[in-house]
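Open the model in your viewer and get ready to select residues by number. Each stop says what to pick and what is there.

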Amino acid sequence: MTPTGAAERARERRWRPAGALDLVLTLSPHQHGGGDPTWRRTPDGAFWRTSRTPDGPGTLRITAAAGEVFGQAWGPGAEWLLETLPALLGADDDISAFADTLARAAASGAARTAAFVGELAARHPGLRVGRSSRVFEALVPAVLEQKVVGMEAWRAWRHLLRTYGDAAPGPAPEGMIVIPSPEIWRRIPSWDWHRAGAEAVRARTIINAAAHAVKLEATVPPPSGAAGCAEADRLLRALPGIGVWTSAEVRQRAHGDPDAPSVGDFHLSGLVGYALTGRKVDDAAMLELLEPFRGQRHRVAWLITLSGRRPPARGPRMSVRDYRSF
């Protein structure tokens, strides 16, 4: 990693993935809505992302060409962002373990389902489960997204970041912001949570988690694969207001856990059930369907959401609420 210009304090890194890499799919879980201030994709095809690293705020720009990834970073967190760039893009994602899981599923009597999942994986050979290694940054938007529609959660995310975040270092696109520190989240007054449209329950969950941010960050990287992710799950769910769904959403992004299906998601069980059985199912039945793929259940569910198989749209949708008017 070398400086590209003293004035901008930029750093660069080139990295060649071992196999196919789809930047769009791999990075997409880290975007929270079309107006996410921590994320941008510019017309030149570059991906921009901000983060509050252990070394401070940083901005990361990612491009890829001819099988090589080119990263540029600015700010106090630049070196850390480039150091962890391969992990963010799935360098630690064990694809061979996924192949073994498919083989075991086929041998255990789920041959048809395993073949279907294998076909989906072949359509998306560059999908990787990466890890951001920043637990609190993954936790805040996940809590804001609890039991509400995306538009409502993303509106709150934008408001709070624009009010309390820091301007992105370097030549980032206009409007990009670095998430506030845990200390700042603990000091946000009740009326600003209300202005953001986040009710007291979600606000208390984030404030409490901010008090335990150091302990949460210590769960990354997982010390021993599945066992490390299980320990992260235990610590997350020990905090009030963080349940199975929120823990899974965090571990998918911060820990790169391929076995963390989003149980409790409003749509996921219906999508998985319809794709595998032709009918919508509940969470318990979804877990039964995914059981042959234990160790890779999040990856399998993700591939199914990309399959295009959708149950017929019937019934009312969740409405967008606005707590600012309550």
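**Stop 1**

Select Asp233. At a relative accessibility of 15%, Asp233 counts as buried, because buried means under 20%. Keep in mind that this is a predicted model.

Salt bridges with shared partners tie Asp233, Arg237, Arg251 and Asp257 into one network.

Now look at Arg251. The side chains of Arg251 and Asp233 form a salt bridge, at 3.4 Å from N to O. This pair links distant parts of the chain: Arg251 sits in helix H13, Asp233 in helix H12, and they are 18 residues apart. Is Arg251 buried or exposed? Arg251 is buried, with a relative accessible area of 9%.

**Stop 2: Asp257**

Next, select Asp257, another member of that network. Where is Asp257 placed? Asp257 lies in the loop between helix H13 (244–255) and helix H14 (268–277). Asp257 is buried, and its relative accessible area is 6%.

Show the backbone of Asp259 too. The side chain of Asp257 reaches the backbone nitrogen of Asp259 at 2.9 Å. Then show what surrounds Asp257. Not counting residues up to four places away in sequence, Asp257 touches Val129, Cys229, Arg251, Gln252 and His298.

**Stop 3: the second largest pocket**

Rolling a probe the size of a water molecule over the atoms shows where empty space is left. The second largest pocket has a volume of about 650 Å³. Which residues lie nearest its centre? They are Ala226, Cys229, Asp257, Pro258 and Asp259, out of 36 lining residues.

Helix H4 (95–107), H12, H13 and helix H16 (297–305) are the elements that give two or more residues to its lining. H12 supplies the largest share, with 5 residues.

**Stop 4**

Side chains of opposite charge can pair when their charged atoms come close. The structure holds 17 salt bridges. Here are two to compare by eye.

Select Arg134 and Glu217. Their side chains meet in a salt bridge, at 3.4 Å from N to O. The two come from distant parts of the chain, 83 residues apart. Arg134 is in the loop between helix H5 (111–123) and helix H6 (135–144), and Glu217 is in helix H11 (residues 213–217). Arg134 is buried, with a relative accessible area of 13%. Glu217 is buried as well, at 17%.

Now select Glu231 and Arg234. Their side chains also meet in a salt bridge, at 2.7 Å from N to O. How many residues apart are they in helix H12? They are 3 residues apart in helix H12 (residues 226–237), so about one helical turn separates them. Glu231 is partly exposed, with a relative accessible area of 34%. Arg234 is partly exposed too, at 49%.

**Stop 5**

In soluble globular proteins, nonpolar side chains tend to be buried together. Select Leu144 and Trp185. Of the 33 residues in the largest nonpolar core, these two touch the most other members. The elements giving two or more residues to this core are H6, H7, helix H9 (190–196), helix H10 (200–211), H11 and H13. H6 gives the most, with 8 residues.

Zoom in on Leu144. Leaving aside neighbours within four places in sequence, Leu144 is in contact with Ala153, Ala156, Trp157, Leu160, Ala198, Arg202 and Ile206.

**Stop 6**

Finish with two loops. Select Ala66, in the loop between strand E5 (56–65) and strand E6 (68–74). Ala66 has a positive phi of about 55°, although it is not a glycine. Is Ala66 buried or exposed? Ala66 is exposed, with a relative accessible area of 74%.

Then jump to Lys147, in the loop between H6 and helix H7 (150–164). Lys147 is not a glycine either, yet has a positive phi of about 55°. At 77% relative accessibility, Lys147 counts as exposed, because exposed means over 50%.

How values were computed
Residues numbered from 1 in each chain as written. Predicted model: local features only at pLDDT ≥ 70, side-chain atom pairs only at ≥ 80, totals over all residues. Heavy atoms only, no water. Helix = DSSP H or I, 4+ residues; strand = E, 2+ residues; numbered from the N terminus. Buried < 20%, exposed > 50% of the residue type's maximum accessible area, 1.4 Å probe, protein only. Polar contact = N/O pair within 3.5 Å; in protein donor to acceptor, adjacent residues only side chain to side chain. Contact = heavy atoms within 4.5 Å. Salt bridge = Lys/Arg side-chain N within 4 Å of Asp/Glu carboxyl O. Core = buried A, V, L, I, M, F, W, Y, C linked by side-chain atoms within 4.5 Å. 1 Å grid on protein atoms, 1.4 Å probe; cavity = no way out; pocket = protein on both sides within 12 Å on 5 of 7 lines; lining within 4 Å. Points joined across faces, edges and corners; volume = space filled by probe spheres on them.
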